[in-house]
Amino acid sequence: MKACVWRGKHDVRIDDVPDPALVNPHDAIVRVTLTAICGSDLHLYNGLDPAMKSGDILGHEFVGRVVATGTACDKVKVGDRVVVMCSIACGRCWFCRHDLTSACDNANPIAGHTALELAYGHAGGALFGSSHLYGGYAGGQAEYVRVPFADIGCMAIPAELSDEQAIFVGDVLPTGWMAAESCDIEPGDTIAVFGCGPVGQLAIRCAFLLGAERVIAIDSVPERLAMAGDSGAIELDDRGDVVRRLDELTGGRGPDACIDAVGRASALRTAIYVVRKGGRVSIAGVYAGVVDKFPLGVAFAKGLTLRMGQTQFHAYAPSLLRRVQAREIDPAFVITHRVQLDELPDAYRMFDARRDGCIKVVARP
Ligand SMILES: [Zn+2]
Ligand SMILES: [Zn+2]
């Protein structure tokens, strides 16, 4: 089959690779009908993860048809049209039973022997198409993909929803939702969203769904700000004096909550600095290792609540799929580019360079 593989920093290619096979009775094989590039794929593209290996198949956002199932699968059936959760979870361990599936203790086969466990105390769960610190599973930017623990990883897509409407239920929609939910939004609240990539865009819509009165969208890319404006957010160009503008917009008090959908320490520091006293800071951006000059004293003095972490995709996806079905939200609005699988390497370059107003790429195998 054809797959988009990582060969090194700034080097992704379409290669012919062996078709995946069932290796465990809980596996399913899915023929991918739509896949996407996520912002976190760019970390891999840019060579920022030391545990990638040449030949790894990328991609953790995908939908498709089930074409084979292992003997232990009893929920998912051949022929089902499914959206697959981007994290892999067993559904049975202590963490999975407590809705902490992205911390699954069984899905990451190398947890317990890794630098990650040494550095963090406990290793995380597993992800599709990510580094070998997270299990090294082949991803979904391919014609076919093996889905471990398929009964809990696959969600059937209602017939009336398109692939484009369903695909983000596996990753960026739950991430945007959890980012907004972590703000504990109350009527009248003003929420500032730092970073208007796909997660930021969805966090804006989710913040309104959760009752925010105003959402202020902060970014420097005009197309992203315009998309946020279309969702009803106030656009704030971050090349200006963001702190002063946010103070002006909130009568000097500061936003009630800030969402960091950037994943850079500078944005997080600003969010902690500008949020109102007693406010909430929700961190959806991806961080690894240590963060220099983290202003813990500021957060303490202001009595802030900080919430963060890998999204619990399996916990949020069922209710979010129902919201998509009920037309409360249509996450497909973030798509700006539609390509074929063959064109993914060019699409990576375009997305990385933020060229052509690129916010979200989807690809058809
Ligand atoms: Zn992602
Ligand atoms: Zn588990």
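Setting aside residues up to four places away in sequence, Ala203 touches Gly176, Ala179, Ala180, Val193, Ile259, Ala261 and Ala284; two residues are in contact if their C-beta atoms, placed from the backbone, lie within 7 Å. The model is predicted: local features need pLDDT of at least 70 and side-chain atom pairs count only at pLDDT 80 or more, whereas totals for chains, interfaces and linings use all residues. Residues are numbered from 1 along each chain as its sequence is written, and chains are lettered from A and ligands numbered from 1 in the order in which they are written.

Ala203 also belongs to the largest nonpolar core, which has 122 residues; Val193, Ala203, Ala217 and Ile259 touch the most other members. Such a core is a set of buried Ala, Val, Leu, Ile, Met, Phe, Trp, Tyr and Cys residues joined through C-beta atoms within 7 Å. A residue is buried if 20 or more other C-beta atoms lie within 10 Å of its own, exposed if 12 or fewer, and partly exposed in between, with C-beta atoms placed from the backbone. Strand E3 (residues 28-37) gives the largest share of this core, seven residues. Domain 1 (2-171 + 312-364) and domain 2 (174-308) both contribute residues, so the core lies between them.

## Overall architecture

The protein chain contains 13 helices and 18 strands. Helices (H or I, at least four residues) and strands (E, at least two) are DSSP runs, numbered from the N terminus. The C-alpha trace spans about 60 × 40 × 40 Å along its principal axes. The radius of gyration of the protein chain is 20 Å, which agrees with the value near 21 Å that a compact globule of 365 residues would have; the radius is taken over C-alpha atoms, and the globule rule is 2.2 Å times the number of residues to the power 0.38.

Buried residues account for 51% of the 365 residues. Among contacts between residues at least 6 apart in sequence, 69% join residues at least 24 apart.

## Domain contact

The domain assignment of the protein chain gives domain 1 (2-171 + 312-364) and domain 2 (174-308), with bounds from an automatic or database domain assignment. Their C-alpha centres lie 27 Å apart. The contact takes 16 residues from domain 1 and 16 residues from domain 2.

On the side of domain 1 that touches domain 2, the elements giving two or more residues are helix H1 (39-45) and helix H12 (313-325). H12 gives the most, with four residues. By class, this side of domain 1 has eight nonpolar, four polar and four charged residues; Ala, Val, Leu, Ile, Met, Phe, Trp, Tyr, Cys and Pro count as nonpolar, Asp, Glu, Lys and Arg as charged, and the others, Gly among them, as polar.

In helix H10 (residues 265-274), the buried residues are Ala267, Leu268, Thr270, Ala271, Ile272 and Val274. Their cover includes strand E11 (190-194), helix H9 (242-249), strand E14 (257-260), strand E15 (280-283) and helix H11 (296-302). Tyr273 also lies in H10, but is partly exposed, with 16 other C-beta atoms within 10 Å. Tyr273 touches Val243 and Val298, not counting residues up to four places away in sequence. The C-alpha atoms of Tyr273 and Val298 are separated by 7.0 Å, although these residues are 25 apart along the chain.

Val275 lies in the loop between H10 and E15 and counts as buried, with 27 C-beta neighbours inside 10 Å. Apart from its neighbours within four places in sequence, Val275 is in contact with Gly254, Pro255, Ala257, Cys258, Val281 and Leu304. Val275 and Val243 are 32 residues apart in sequence and 9.4 Å apart in space, C-alpha to C-alpha.

## Helix H13

Leu344, Ala347, Tyr348 and Phe351 are buried in H13. Seen down the helix axis, these buried residues fall within an arc of 105°, so they line one face of H13; the arc is that of the directions from the helix axis to the C-beta atoms. An α-helix has 3.6 residues a turn, so residues three or four places apart point the same way. The cover of the buried residues of H13 includes strand E1 (2-8), strand E2 (11-16), E3, H1, strand E17 (337-340) and E18.

## Positive phi angles

Most residues other than glycine have a negative phi. Arg354, in the loop between helix H13 (344-352) and strand E18 (361-364), has a positive phi near 50°. Arg354 is partly exposed, with 14 other C-beta atoms within 10 Å.

Asp184 has a positive phi of about 45° although it is not a glycine. Asp184 is found in the loop between helix H6 (172-181) and E11, and counts as partly exposed with 15 C-beta neighbours inside 10 Å.
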